[in-house]
Amino acid sequence: MATRLKLYSFWRSSCSHRVRIALNLKGLDYEYKPVNLLADKQSDPEFEKLNPIKYVPALVDGETVVADSFAILLYLEDKYPEHPLLPQDPTKKALNIQIASIVGSSIQPLQNYPVLNFIEEKLDSQEKVKWTQYHINRGFTALEKLLKGCTTTYATGDEIQLGDLFLEPQIYGGIKRFKIDMVSTDIAS
């Protein structure tokens, strides 16, 4: 009998959001295990055993534990091939990975609680907002240039793919949480 997947997640985490989208697209049944970041539950010793860096998400699949959304998505892609997240075409595959890397390395980490708390502590809350908006706008400007000319239903094709899983939660968080104007992502360089 297959064990049910467990996803340790926080509702507002864009990293967790992208994994939840993938699990649902692939039709995988999973148990949602909330980790309240606002209450510092990621520092609970039991969660730290799953993910020593104490970030969400973390996925448990039987004896396998995978932390970090990108690693989880690649694991799901390999183990559960239903609804592939990466196209077979090498150029489109590279574009999806590039989108994921820009969001996952150049935008999202710069808006995490530890970073924002550090900036607020060293500077002030207004600088924290400016910092976040600057980096989100910078990343979206690059993504807009990268995707210029794409005329498909989704970012890189007519099916939801890996790049979309990174874009959707980041766009939502940028607009709702950080008040980014998605009509104009131009930034002063």
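Modeller: The contact comes first, and the whole chain follows.

This is a predicted model, in which local features need pLDDT of at least 70 and side-chain atom pairs count only at pLDDT 80 or more, while totals for chains, interfaces and linings use all residues. Residues are numbered from 1 along each chain as its sequence is written, and side-chain values use heavy atoms, leaving out hydrogens and water.

Helix H4 covers residues 90-107 and helix H7 residues 162-176; their axes lie 7 Å apart at an angle of about 35 degrees. Here axes are lines fitted to C-alpha atoms over the stretch in contact, and angles run from 0 to 180 degrees between N-to-C directions. H4 passes H7 in a left-handed crossing, meaning that the near helix is turned anticlockwise from the far one by less than a right angle. On the H4 side, the contact (heavy atoms within 4.5 Å) is made by Asn96, Ile97, Ile99, Ala100, Val103, Gly104 and Ile107. Their partners in H7 are Leu162, Gly163, Phe166, Leu167 and Gln170. Eight residues of this contact are nonpolar, four are polar and none is charged, with Gly counted as polar and Ala, Val, Leu, Ile and Phe among the nonpolar.

The chain has seven helices and four strands, which are DSSP runs (H or I, at least four residues; E, at least two) numbered from the N terminus. Their order from the N terminus is β-α-β-α-β-β-α-α-α-α-α. Of the 189 residues, 41% are buried, that is, under 20% relative accessible area with a 1.4 Å probe, protein chains only. The C-alpha atoms fill a box of roughly 55 × 45 × 20 Å along the principal axes.

Technical notes
Buried means under 20% relative accessible area, exposed over 50%, partly exposed in between (1.4 Å probe, protein chains only).
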